[in-house]
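Here are my notes on the chain you asked about. Have the structure open while you read.

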Amino acid sequence: MKRRIGLGLVALILAAGLLVLVGRNWIAQRAFDRAVDKSVGIDRSAALPDGLHAYVCGSGSPLPDAARAGPCIAVLAGRQAFVFDAGSGSIRKLGRMGFPMDRLQAAFLTHLHSDHIDGLGELMLQAWIAGGRSVPLPIYGPAGTDKVVNGFDAAYETDRDFRIAHHGPKVTRPGGFGGAAHVLTLDPGSDDRQIYASGDATVRVFRVNHDPVKPAFGYRIDYKGRSIAISGDTVYVPSLVKASRGVDVLFHEAMNKHMVAALQAKLAERGRADAAKIMGDIQSYHSSPEDAARAAREAGAKALVLYHLVPAPPARLIEPLFLGDAPNQFSGTLRLAQDGMIVSLPAGGADVRFSRAF
Ligand SMILES: [Zn+2]
Ligand SMILES: [Zn+2]
């Protein structure tokens with residue numbers, strides 16, 4: 001009798017376990033199906049109003065950071081899309097943000113430091129595959145951009161052949177592979193010029209100062225009365241102020257030099273002389289948050305969003321320390337960029353809206 005009760009109990013426990021297991025799988029399957037239905041093949045940008053929208057695809061720097069990809073700002077101007085710099089990891093962030101790669105018109109490089117281009121191969125590949133391109137992606141940048149683009153083309157050639165063989169030329173159109181470099185120059189006497197115009201969107205390139213990296217550029221995008229400027233890497237420089245005059249949003253790089261000096265001192269103390277030297281050197285060609293605030297104030301920008309943060313504050317608690325006196329030097333909206341942030345400037349409006357894609 002006892003034995004029978006024991007067996008019955010075991011059977012009951014097994015049946016309950018099976019039910020839990022099956023039930024759990026059923027719930028997991030339902031959750032998966034819902035996620036697929038809500039996300040796959042849906043144009044998430046369709047919900048945005050007509051206007052200018054900046055996607056922060058990379059707010060970080062060369063320093064390792066799980067939360068921040070290398071520098072990258074993507075811009076949607078009505079139906080046209082552009083990408084400015086492609087730091088490591090940034091293109092996957094763009095994918096997660098639902099950026100409409102099939103509307104990508106061109107990419108723009110501020111300068112050829114590796115942290116600004118190490119995601120470029122991935123961008124070119126995504127523009128081809130996810131973007132369904134049939135002509136190479138135009139890539140604008142300073143002298144040397146052709147060498148960089150041709151190098152990525154060569155590195156991805158074997159992969160191109162695999163993909164065409166597997167998916168067929170109707171899906172992976174051979175002509176859409178790779179990039180078409182456009183080397184930008186500015187006359188010695190001029191600090192900016194328009195380099196792109198289509199429909200209501202224009203892009204201007206302007207000179208910044210990231211010596212000894214020469215030339216180094218920033219960009220300004222205008223669309224239906226709204227505007228965005230992107231600094232690239234620079235110290236405070238009047239040409240940026242002039243070219244960014246009256247913009248709605250200035251995306252500006254920022255380095256807290258006291259913090260970097262502290263990293264430098266610690267590295268030196270621990271016998272890492274080479275790394276300490278680099279930490280010392282990089283302070284000479286970047287802007288402090290106060291420098292960026294000054295540029296935004298003098299340009300009359302409505303909002304200042306700091307990106308390419310060095311070192312990026314790992315917690316909100318440290319943000320005031322990173323910003324230093326910048327909030328007192330700029331009276332407009334001041335934010336630290338985060339990957340996944342979208343800054344929206346609806347056409348015909350004057351407001352600056354912040355949201356998060358993730
Ligand atoms: Zn740089
Ligand atoms: Zn940089």
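This is a predicted model: local features need pLDDT of at least 70, side-chain atom pairs count only at pLDDT 80 or more; totals for chains, interfaces and linings use all residues.

1. Overall make-up. You'll find eleven helices and 15 strands in the chain. Its C-alpha atoms fill a box of roughly 100 × 55 × 45 Å along the principal axes. Of the 358 residues, 41% are buried. As for contacts between residues at least 6 apart in sequence, 67% join residues at least 24 apart.

2. The α7/α8 pair. Have a look at helix α7 (residues 257–269) and helix α8 (residues 273–281), whose axes lie 8 Å apart at an angle of about 165 degrees. Angles over 145 degrees count as roughly antiparallel, so that is how α7 and α8 run relative to each other. Their crossing is left-handed.

3. What sits between those two helices? On the α7 side the contact residues are V260, L263, Q264, L267 and A268, and they meet A273, A275, A276, M279 and G280 of α8. Sorted by class, the contact has eight nonpolar residues, two polar ones and no charged ones.

4. The β14/β15 hairpin. Strand β14 (residues 341–346) runs antiparallel to strand β15 (residues 353–356), and four bridges join them. If you want one pair to click on, take V343, whose bridge partner in β15 is F354.

5. The turn of that hairpin. Six residues lie between β14 and β15, and in this hairpin G348 takes a positive phi near 80 degrees.

Notes:
Residues are numbered from 1 along each chain as its sequence is written. Chains are lettered from A and ligands numbered from 1 in the order in which they are written. Two strands pair if DSSP finds at least two bridges between them. A residue is buried if 20 or more other C-beta atoms lie within 10 Å of its own, exposed if 12 or fewer, and partly exposed in between; C-beta atoms are placed from the backbone. Two residues are in contact if their C-beta atoms, placed from the backbone, lie within 7 Å. Axes are lines fitted to C-alpha atoms, for helices over the stretch in contact, and angles run from 0 to 180 degrees between N-to-C directions. Angles under 35 degrees count as roughly parallel, over 145 as roughly antiparallel, 65 to 115 as roughly perpendicular and the rest as oblique. A crossing is left-handed if the near helix is turned anticlockwise from the far one by less than a right angle, and right-handed if clockwise. Ala, Val, Leu, Ile, Met, Phe, Trp, Tyr, Cys and Pro count as nonpolar, Asp, Glu, Lys and Arg as charged, and the others, Gly among them, as polar.
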